[in-house]
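Please read it alongside the sequence and the model.

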Amino acid sequence: MSDNGLFPIIAQIPKAELHVHIEGTLEPEMMLHKASKNGIALPYKTVDDVRKAYRFSDLQSFLDLYYLGVNSIVDRNDYYDLAMAYFRKASSQNVRRAEVFFDPQAHTRRGIDFSTVINGLHDAAVDAQDRYGISIGLIMSFLRDLPEESAMRTMEEALQYKKWIIGVGLDSKELGNPPEKFANVFKRARNEGFLAVAHAGEEGPAEYVWSSIKLLKVSRIDHGYHIFEDSDLVRYVSVNQIPVTMCPLASVSVNYFKRVGDMPLKKALDNGIIFSINSDDPSYFGGYINENYIAVRKTFNMSKTELIKLARFSIISSFMNDHMKQKLLEEIDMW
Ligand code: HPA
Ligand code: ZN
């Protein structure tokens, strides 16, 4: 089928987005507007200035801009607006379930209360579920370039909001910040009933994926590109059906791959690994979830059957209960 014939399927098929950072959905317009409202100085005057800065040589150069931009978000209403804009966009792309990261420490370290962040995000999640029928889960991510004690303090603050948070994650600068550094806080989080995921094998080696699985006991791996350097790990992830969340446009934007075609997506398919397609930080990386599906469809010349398989994988990889998964899988099967 022609590209034009398959793009409507991408647009309309129900899907889950499982790897998106709410801070990475901050569009330049909102960044500038909120900065001006809150009296925050940014080195950019226009939307064009901001977009021109979106050229990254590696993960760190992206993170520098990501942490700078988020300074403009300050009060509960700002968090609400930020999250609501993403939920609206995701719903318009037929995302029916979103499991969304937020980085509490990116806010608390500049003097914002945890309660401001979580209340704004939660208010938006409640309204979006009401208004758009999208199902939402919030995942609190620890910044791995900060010490474990900071993550532990964050975890303790989060306990009173436990019912609003489905799990914990690990993000920010991976190289030099191995999963071992966070063994205690992940253990504590799991004992408190949080699910666990981690960015691993994004820029770090396959060993970081092993220790995320064995030590942090994650139920899902974010990015995981370096899994394919270790055939035992490929087998382990496949046999144990540990889902991997992949982010095509992001991984090219931060220079892990020259082009989407260099991603190990076919290898994942050929080895029976369950993976999903996600946007990661859509404002910074040139597209929301459907733009990522389109890039994959074009690059790998995927058939309708393969696209449907990817949408199914996203539902299977999610943390929804079996009943909700079954309902969405049945909808997908009508395609
Ligand atoms: N990797 C690591 N840290 C991040 C990312 C990412 O993709 N997005 C936001 N923080
Ligand atoms: Zn990410």
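The model is a predicted one, in which local features need pLDDT of at least 70 and side-chain atom pairs count only at pLDDT 80 or more, while totals for chains, interfaces and linings use all residues. Residues are numbered from 1 along each chain as its sequence is written, chains are lettered from A and ligands numbered from 1 in the order in which they are written, and side-chain values use heavy atoms, with hydrogens and water left out.

**Helix packing**

- Helix α8 (residues 148–158) and helix α9 (residues 183–191) have axes that come within 9 Å and cross at roughly 15 degrees; helices here are DSSP runs of H or I with at least four residues, strands are runs of E with at least two, and both are numbered from the N terminus.
- The axes are lines fitted to C-alpha atoms, for helices over the stretch in contact, and the angles run from 0 to 180 degrees between N-to-C directions.
- α8 and α9 are therefore roughly parallel to each other, given that angles under 35 degrees count as roughly parallel, over 145 as roughly antiparallel, 65 to 115 as roughly perpendicular and the rest as oblique.
- On the α8 side Glu-148, Ala-151, Met-152, Met-155 and Glu-156 meet Ala-183, Asn-184, Val-185, Arg-188 and Ala-189 of α9, where contact means heavy atoms within 4.5 Å.
- Helix α10 (residues 206–214) packs against helix α11 (residues 231–239) at an angle of about 35 degrees, with the axes 10 Å apart, and the crossing of this pair is left-handed.
- Ala-206, Val-209, Trp-210, Ile-213 and Lys-214 of α10 make that contact with Asp-232, Leu-233, Tyr-236 and Val-237 of α11.
- For α15 and α16 the packing angle is about 140 degrees and the axes are 11 Å apart, so the two helices are oblique to each other.
- α15 passes α16 in a right-handed crossing, and the contact is made by Tyr-293, Val-296 and Arg-297 of α15 together with Leu-307, Leu-310, Ala-311 and Ser-314 of α16.

**Zinc site**

- The zinc ion (ligand 2) is coordinated at 2.0 to 2.3 Å by His-19 (NE2), His-21 (NE2), His-199 (NE2) and Asp-280 (OD); donors are N, O and S atoms within 2.8 Å of the metal (3.2 Å for Na, K and Ca), and sites may look incomplete because water is not among the atoms.
- The donor residues of the zinc ion (ligand 2) follow the sequence spacing H-x1-H-x177-H-x80-D.
- His-19 lies in strand β1 (residues 15–21) and Asp-280 in the loop between β8 (275–277) and α14 (282–285), so this pair ties together parts that are 261 residues apart in sequence.
- Both His-19 and Asp-280 are buried, which means under 20% relative accessible area, whereas exposed means over 50% and partly exposed is in between (1.4 Å probe, protein chains only).

**Nonpolar core**

- The largest nonpolar core has 116 residues, of which Phe-87, Phe-102, Phe-186 and Phe-275 touch the most other members; such a core is a set of buried Ala, Val, Leu, Ile, Met, Phe, Trp, Tyr and Cys residues joined through side-chain atoms within 4.5 Å.
- Helix α5 (residues 76–92) gives the most to this core, with eight residues.
- Leaving out residues up to four places away in sequence, Phe-102 touches several residues, including Ile-22, Phe-114, Leu-138 and Ile-165.

**Individual residues**

- Gln-105, in helix α6 (residues 104–108), counts as buried at 1% relative accessibility, and its C-alpha atom is 6.8 Å from that of Leu-143, 38 residues apart in sequence.
- Beyond its neighbours within four places in sequence, Gln-105 is in contact with residues including Ser-141, Phe-142, Leu-143 and Thr-154.
- Glu-202, in the loop between β5 (195–200) and α10, counts as buried at 5% relative accessibility, and among the residues that Glu-202 touches, not counting those up to four places away in sequence, are Leu-59, Glu-174, His-223 and Tyr-256.
- Ser-172 is not a glycine, yet has a positive phi of about 75 degrees; Ser-172 sits in the loop between β4 (167–171) and α9 and counts as buried at 6% relative accessibility.
- Asn-301, likewise not a glycine, has a positive phi of about 50 degrees; Asn-301 is found in the loop between α15 (289–300) and α16 (304–316) and is exposed, with a relative accessible area of 58%.

Technical notes: A crossing is left-handed if the near helix is turned anticlockwise from the far one by less than a right angle, and right-handed if clockwise.
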